[in-house]
Amino acid sequence: LCHATEPMRQPASVALLPFDGVVADSELAWTCTAWRAAATLWPQLACAADTLTLRDAGVRHKWVSDRSELEGCRDDGMPEWLAVKMRQLRPAVQSEYEHLLLLRLCIDEALASKQSTRGMRPLSVGEIESSWAQLRDSLLFRCATSKHELALAYEQASQDWRFNEPSEWSDAHRLRQPVVRALRAALR
């Protein structure tokens, strides 16, 4: 309460916004963390992902303007095609642990396509998005794991990355500059 002799103070300006998807594009950080966790949980899967061709992976021409953007691997070993597919699938997931399952699904599907003699193809982004809840639950069972185990692996990978490579970790959390500028202007 203010005393009668004190001037009334203006209330402070406060802006409450969700960080992920509004102030920052943290999809890259989520995907890279999930890749690191998946490589720890399923090292053979990460190695197998490196052997897949774009055809095996079911890459679509419309994913990028230049197909060469999908070739090769990132510095952390994640195939470029997988990073692009994960970016497209980001809206389907709600929790960090789901990113690990999504990575697993994309790689498993590509490996099955590679080994198929019947022309099997990996699930498309639309097919995964439309049935993600069922696929997620099926993957938990098939991988003999739990949400809790995956969440712990994700958190450990995030902490390790943050501690061992802080500038790379920070760079993966890309701020949306128009939003940052608008917030600064509004709070002046």
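A salt bridge here is a side-chain nitrogen of Lys or Arg within 4 Å of a carboxyl oxygen of Asp or Glu. The model is predicted, so local features are reported only at pLDDT of at least 70 and side-chain atom pairs only at pLDDT 80 or more, whereas totals for chains, interfaces and linings use all residues. Residues are numbered from 1 along each chain as its sequence is written, and side-chain values rest on heavy atoms, with hydrogens and water left out.

**The whole chain**

Begin with the chain in a cartoon view, where ten helices and two strands can be picked out; these are DSSP runs numbered from the N terminus, with helices being H or I of at least four residues and strands being E of at least two. Followed along the sequence, the elements come in the pattern β-α-α-α-α-α-α-α-α-α-β-α. If you switch to a surface, the chain exposes about 11400 Å², of which carbon and sulfur atoms supply 54%, the areas coming from the Shrake-Rupley method with a 1.4 Å probe and, for residues, only the protein chains shown counting as cover. Of the 188 residues, 41% count as buried, where buried means under 20% relative accessible area, exposed over 50%, and partly exposed in between (1.4 Å probe, protein chains only). Contacts (heavy atoms within 4.5 Å) between residues at least 6 apart in sequence join residues at least 24 apart in 69% of cases.

**Salt bridges**

Next, select Arg-174 and Glu-27, whose side chains meet in a salt bridge with an N to O distance of 3.9 Å. Because Arg-174 lies in strand β2 (residues 174-175) and Glu-27 in helix α1 (residues 27-41), the pair ties together parts that are 147 residues apart in sequence. Arg-174 is partly exposed, with a relative accessible area of 32%, while Glu-27 is buried at 6%.

Move on to Arg-121 and Glu-127, which form a salt bridge at 2.7 Å, N to O; Arg-121 is partly exposed at 43% relative accessibility, and Glu-127 is partly exposed at 29%. Then pick Arg-136, which forms a salt bridge with Asp-137, the closest N and O atoms being 3.3 Å apart. Here Arg-136 is buried, with a relative accessible area of 17%, whereas Asp-137 is partly exposed at 41%. A search of the whole structure finds eleven salt bridges.

**Helix α2 and the cysteines**

Select Ala-46 in helix α2 (residues 43-49), a residue that counts as buried at 17% relative accessibility. Leaving aside its neighbours within four places in sequence, Ala-46 is in contact with Trp-35 and Ala-39, and its C-alpha atom is separated by 9.2 Å from that of Arg-36, ten residues away along the chain.

Now show Cys-32, which is buried with a relative accessible area of 8%, and Cys-47, which is exposed with 55%. With a disulfide taken as a pair of cysteine sulfur atoms within 2.5 Å, the count comes to zero disulfides.

**A backbone detail**

Finish at Ala-144, in the loop between α7 (132-142) and α8 (147-164), where the residue counts as exposed at 68% relative accessibility. What is the phi of Ala-144? Ala-144 has a positive phi of about 50° although it is not a glycine. Most residues other than glycine have a negative phi.
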